[in-house]
Amino acid sequence: MSMSRSAAGDIARVLTEALPYIQRFTGKTIVVKFGGNAMIDDKLKEQFARDIVLMKLVGMNPIVVHGGGPQIGDLLKRLAIESHFVDGMRVTDTATMDVVEMVLGGSVNKEIVSLLNRNGGKAIGLTGKDGQLIRAKKLKVTQRTPDLAKTEIIDIGHVGEVAEINTEVLNMLTNSDFIPVIAPIGVGPDGSSYNINADLVAGKVAEVLKAEKLMLLTNIAGLMDKSGEVLTGLSTEQVDALIADGTIYGGMLPKIGCALEAVNAGVTSAHIIDGRVPHAVLLEIFTNTGVGTLITNVSQLLD
């Protein structure tokens with residue numbers, strides 16, 4: 001059965017709209033943080049995998065960094081290991097860290113690798129311990145004491161922050177046909193493992209590789225104004241103003257902070273995109289409108 005003229009026209013329009021973006025981003029590195037609904041809905045997972053493989057096939061260098069909070073929580077519950085949180089971060093004792101490594105570096109990472117490979121890609125799974133990819137240091141968390149006179153340091157265990165990214169490992173992979181899939185587990189100077197926020201790892205990877213784009217998948221439509229409308233095409237100065245006037249607050253602040261830091265460090269653009277939208281990654285890269293919030297450094301664009 002032949003295709004209708006209308007359907008053929010739609011396909012041709014989509015392909016021609018995508019062409020300049022393919023030409024512009026060929027050879028460029030794009031770091032994608034994979035999480036939220038896109039990571040637990042089977043249909044969205046399959047679409048994400050196809051998007052990443054297509055990016056590689058047309059000449060881009062995608063790097064995937066993934067989370068896995070819900071999966072970690074589920075296994076901890078089944079093992080009767082109680083979770084505690086400080087400022088939204090899971091207190092990670094030795095037993096919890098064992099579960100984190102098992103889930104992030106094992107089941108979740110290998111599932112994503114398998115998805116990409118099944119869809120025609122050549123993915124390789126890594127944790128930050130492989131080739132000392134992510135050198136970490138212990139994250140220090142401070143809280144005010146009850147009398148509010150001073151702050152105290154809270155020990156939240158094996159929770160870390162990025163000290164250094166080993167670009168040699170990533171350059172070797174991105175210069176080949178392979179797609180790196182990174183679990184956000186870092187290694188300390190003494191060989192200890194550290195659980196690190198996946199957004200922060202993705203941002204640091206994008207920074208050190210001077211990536212073209214940092215894409216953070218979320219469960220919301222994007223950064224919204226006080227009327228609930230999605231904001232996009234923002235400069236770093238505009239984002240700073242939105243933080244100052246209270247438009248950006250709460251749980252969105254760390255994600256926006258990660259995007260701002262990456263852009264200020266040389267990443268061309270950061271994107272907060274709605275991972276609930278089918279093929280969200282492709283739509284953000286290959287179309288004029290996209291499906292989320294774009295943040296750029298105006299001075300970079302003028303250079």
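Lys33, Asp199 and Lys255 are joined in a network of salt bridges, a salt bridge being a side-chain nitrogen of Lys or Arg within 4 Å of a carboxyl oxygen of Asp or Glu. The model is predicted, so that local features need pLDDT of at least 70 and side-chain atom pairs count only at pLDDT 80 or more, whereas totals for chains, interfaces and linings use all residues. Residues are numbered from 1 along each chain as its sequence is written, and side-chain values use heavy atoms, with hydrogens and water left out.

Searching the whole structure gives 11 salt bridges, and three of the pairs are set out below.

| Pair | Closest N and O atoms | Separation in sequence |
|---|---|---|
| Arg118 and Glu46 | 3.1 Å | 72 residues |

Relative accessible area is described here as buried under 20%, exposed over 50% and partly exposed in between, with a 1.4 Å probe and protein chains only. Lys33 counts as buried because its relative accessibility is 11%, and Asp199 is likewise buried, at 8%. Arg118, by contrast, is exposed at 54%, while Glu46 is partly exposed at 28%. Glu164 counts as partly exposed at 43%, and Arg135 as partly exposed at 26%.

Helices (H or I, at least four residues) and strands (E, at least two) are DSSP runs, numbered from the N terminus. The axes of helix 6 (residues 198–208) and helix 8 (residues 252–264) come within 9 Å and cross at roughly 5 degrees, the axes being lines fitted to C-alpha atoms over the stretch in contact, with angles running from 0 to 180 degrees between N-to-C directions. The two helices, helix 6 and helix 8, are therefore roughly parallel to each other, since angles under 35 degrees count as roughly parallel, over 145 as roughly antiparallel, 65 to 115 as roughly perpendicular and the rest as oblique. Their contact (heavy atoms within 4.5 Å) is made by Asp199, Leu200, Gly203, Lys204 and Glu207 of helix 6 together with Lys255, Cys258, Glu261 and Ala262 of helix 8.

Two loop residues deserve a separate mention. Most residues other than glycine have a negative phi. Ala80, in the loop between helix 3 (69–78) and strand 3 (85–86), has a positive phi near 60 degrees and is exposed at 70% relative accessibility. Gln132, in the loop between strand 5 (123–127) and strand 6 (134–138), has a positive phi near 50 degrees and counts as partly exposed at 39%.
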